[in-house]
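The entries are in the order in which I made them.

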Amino acid sequence: MEGEAAADPCAICLSDVGRGQAIFRAECSHVFHHLCISASVAFGHRNCPLCNRRPPPPPAMPSSSHGPYDDDEPVVVEPSVEAAQDVDPAADHAVVALRTHCERPALARGASRGSFEVLVHAVAPGAAAAGAPRTPLDLVTVIDLNGSMRGQKLCLVKQAVGFVIDNLGPTDRLCVVSFSNDANRVVRLARMTADGKASAKRAVEALVASGGTNIGEGLRMAARVLDDRRYRNTVTSVTSLILLSDGRDGHRRHRHADLVPPSFRGSGNRTAPIHTFGFGTDHDAAAMHTVAEETGGTFSFVENRAAIQDSFAQCIGGLLSVAMQSVRIAVACVHPGVRVLGVKSGRYKNRVDADRRAAWVDVGELYADEERRFLVFVRVPAAEAAEEVSQLIKVRCSYRDAVSGCSGCVAGDDAAVLRPPEVGDGDAELSMEVERERVRVAATEDIAAARAAAERGEHAEAARILEAGQEAVRRSAPGVAGDPTCAALEDELGDLGARASNRREYAQKGRAAMLAGMSSHRQQRDLSVALRSAHFGLRGGRGAGRGAPRPYETPAMRSMVKISRSAREQQQRTSSPAPPAKRAHLRFAE
């Protein structure tokens, strides 16, 4: 009906008063979003912004009063995406590249090896050209608005969320949830069209910091938003959640894992990964890391507050470039005497069959150009008298294309070793690919061991472990050869050693830095730009001044960070005060 269609807008932000939003109607009958009038009151404005009548304070909103969040905006699929989804699954399309590397190219025919390492290396296809179809993203940002976020912190966060809004497309949907003592849905799950972006930005700009920190309530609100969605892309979609907090949860729980809503737990029907960002030095790094680990997300330590936008940019650069989903790597033994002993897969779940003739690793999503490396340990028997080559294992990768929704499976090259009667010096040479991964895995384990020591208060022991790990990286074959990845690892271990060397430094920065490093290395996914600036090449290590590599970074991430930095520089130039104008000296005629 006409009267229903012409509902009054919010008298402060002038945006529509939509279904499912918290509304406050003053005694003068003017209507406001609860968030908008709360912000106005927080700034000391007690009268109605329109008629100047003094309204009563807005009522408190207990979390139990929130209704179902099924008012999400309908999903729209672009024609180019529909065309991609109609392709023949058997047609040629970009696939995961899969290779194997044996630790040595040859074993003597009469020799056996109790544990022989084979590296399985998977690379996702590259990012599509600009304008090409991509899978739409449903993103929920959960922002801590406790009292310590007042001032510059909140300004920087608003700027960062605004950057995210600017870089989402019209088929992407965004929801913003804020929390302090309680949680509020600030923006419903809406498509980021021009109007959607404008409305979301107004709502974000109206955010006000006050109260305490209730991370659990913020995550429960986000879970309800995603669980109650009425519209979902039935073919392909990416769903993710970003959580930012600078404080510690004031509602104590027995375990950090209790912060995670049930629908986010488990690897089977998990709602979405939660990528967590610890803002500054006062956040609960252990809790934020646990939330990320429980849900398949990453934990980033944003030590430099001014870099929060770059950190968000790096995250969404990956989320907007998801190429493959449901990725699984399967390993099968070929030679009848070969057995799989184990797999080093970091955070990714792996399983070895009872007869040790097969194994698999669940990888999940891969961003465009992302790589994964896993070490497979096999037992190799002595060869037969006439056996010149031993076929060890074959590998296959199954996946679902993120845009077309088509499932596929690709075979990699079989892992095989030559079996000469005797092994010469050339045939005994170690594979640099395998050795580099072995060094990376050992360094990750050193970080975990050092953190455990520091948590026990044994800071000297933590520093010793990291120093020994740094020396092992330096003396490794790729380290001696000047491998840039090893140089970056060496710098990182040295930086973490300094952060773990005493109780105060560890509590302020060391714990968060170690947990962020573990999260990145165990998932083989790029960590926060802000943390990296401290780790790689800026503290006088071997990577200093030579463009040290950024582990796991993809071109899409690099491009989005570049856009973010350019935007920040532009904003700094436009917000800088203009130089004072020179006064004009006027002479008056006598």
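The notes below start with the whole chain and then go to single elements and residues.

**Entry 1: ground rules.** I am working with a predicted model, in which local features need pLDDT of at least 70, side-chain atom pairs count only at pLDDT 80 or more, and totals for chains, interfaces and linings use all residues. Residues are numbered from 1 along each chain as its sequence is written, and side-chain values use heavy atoms, with hydrogens and water left out.

**Entry 2: the whole chain.** I looked up the secondary structure and found 15 helices and 18 strands in the protein chain. Helices (H or I, at least four residues) and strands (E, at least two) are DSSP runs, numbered from the N terminus. Of the 590 residues, 51% are buried. Buried means under 20% relative accessible area, exposed over 50%, and partly exposed in between, with a 1.4 Å probe and protein chains only. The accessible surface is about 26600 Å², and carbon and sulfur atoms hold 50% of that. These areas come from the Shrake-Rupley method with a 1.4 Å probe; for residues, only the protein chains shown count as cover. I also checked contacts (heavy atoms within 4.5 Å): among those between residues at least 6 apart in sequence, 75% join residues at least 24 apart.

**Entry 3: strand 11.** Which strands pair with strand 11? Strand 11 (residues 322-333) pairs with strand 14 (residues 358-367) in the antiparallel sense, over eight bridges. Strand 16 (residues 389-401) also pairs with strand 11 in the antiparallel sense over eight bridges. Two strands count as paired if DSSP finds at least two bridges between them.

**Entry 4: Cys397.** I stayed on Cys397 in strand 16. Cys397 is buried, with a relative accessible area of 0%. Leaving out residues up to four places away in sequence, Cys397 touches Val96, Leu98, Val327, Arg328, Ile329, Gly408, Cys409 and Val410. Leu98 is 299 residues from Cys397 in sequence, but their C-alpha atoms are 7.5 Å apart.

**Entry 5: charges over rings.** I used this rule: NZ of Lys or CZ of Arg within 6 Å of the ring centre and within 35 degrees of the ring normal. Arg328 lies over the face of Trp360, at 3.9 Å from the ring centre. Tyr367 has the charged end of Arg525 over its ring, 3.7 Å from the centre.

**Entry 6: aromatic pairs.** How many aromatic pairs does a search of the whole structure find? The search finds two. Rings of Phe, Tyr and Trp (its six-membered ring) pair if their centres lie within 6.5 Å; planes under 30 degrees apart count as stacked, over 60 as edge-to-face, and the rest as tilted. Phe277 and Phe312 form an edge-to-face pair, 5.0 Å centre to centre with 70° between the planes. Phe277 is in strand 9 (residues 274-279) and Phe312 in helix 8 (residues 308-319), 35 residues apart, and the pair links distant parts of the chain. Phe277 and Phe312 are both buried. Tyr348 and Phe374 form an edge-to-face pair at 6.0 Å and 75°. Tyr348 is in the loop between strand 12 (339-344) and strand 13 (350-352), and Phe374 is in strand 15 (residues 371-380), 26 residues apart. Tyr348 and Phe374 are buried too.

**Entry 7: helix 7.** Is helix 7 (residues 285-295) mostly covered or mostly uncovered? Helix 7 is mostly covered, with nine of its 11 residues buried. Its buried residues pack against helix 6 (215-227), strand 8 (238-245), strand 9, strand 10 (299-302) and helix 13 (503-523). Among the buried ones are Met288 and His289. Just after helix 7, Gly296 takes a positive phi of about 85°.

**Entry 8: buried polar side chains.** Gln314 is in helix 8 and is buried, at 4% relative accessible area. The Gln314 side chain makes a polar contact of 2.8 Å with the side chain of Asp526. A polar contact is a pair of N or O atoms within 3.5 Å; within protein, one must be able to donate a hydrogen and the other to accept it, and residues adjacent in sequence count only if both atoms are side-chain atoms. Asp526 came up again at Glu553, which touches Asp526 and Arg558, not counting residues up to four places away in sequence. Glu553 lies in the loop between helix 14 (529-535) and helix 15 (555-575) and is buried, at 14%. The side chains of Glu553 and Arg558 are joined by a polar contact of 3.2 Å.
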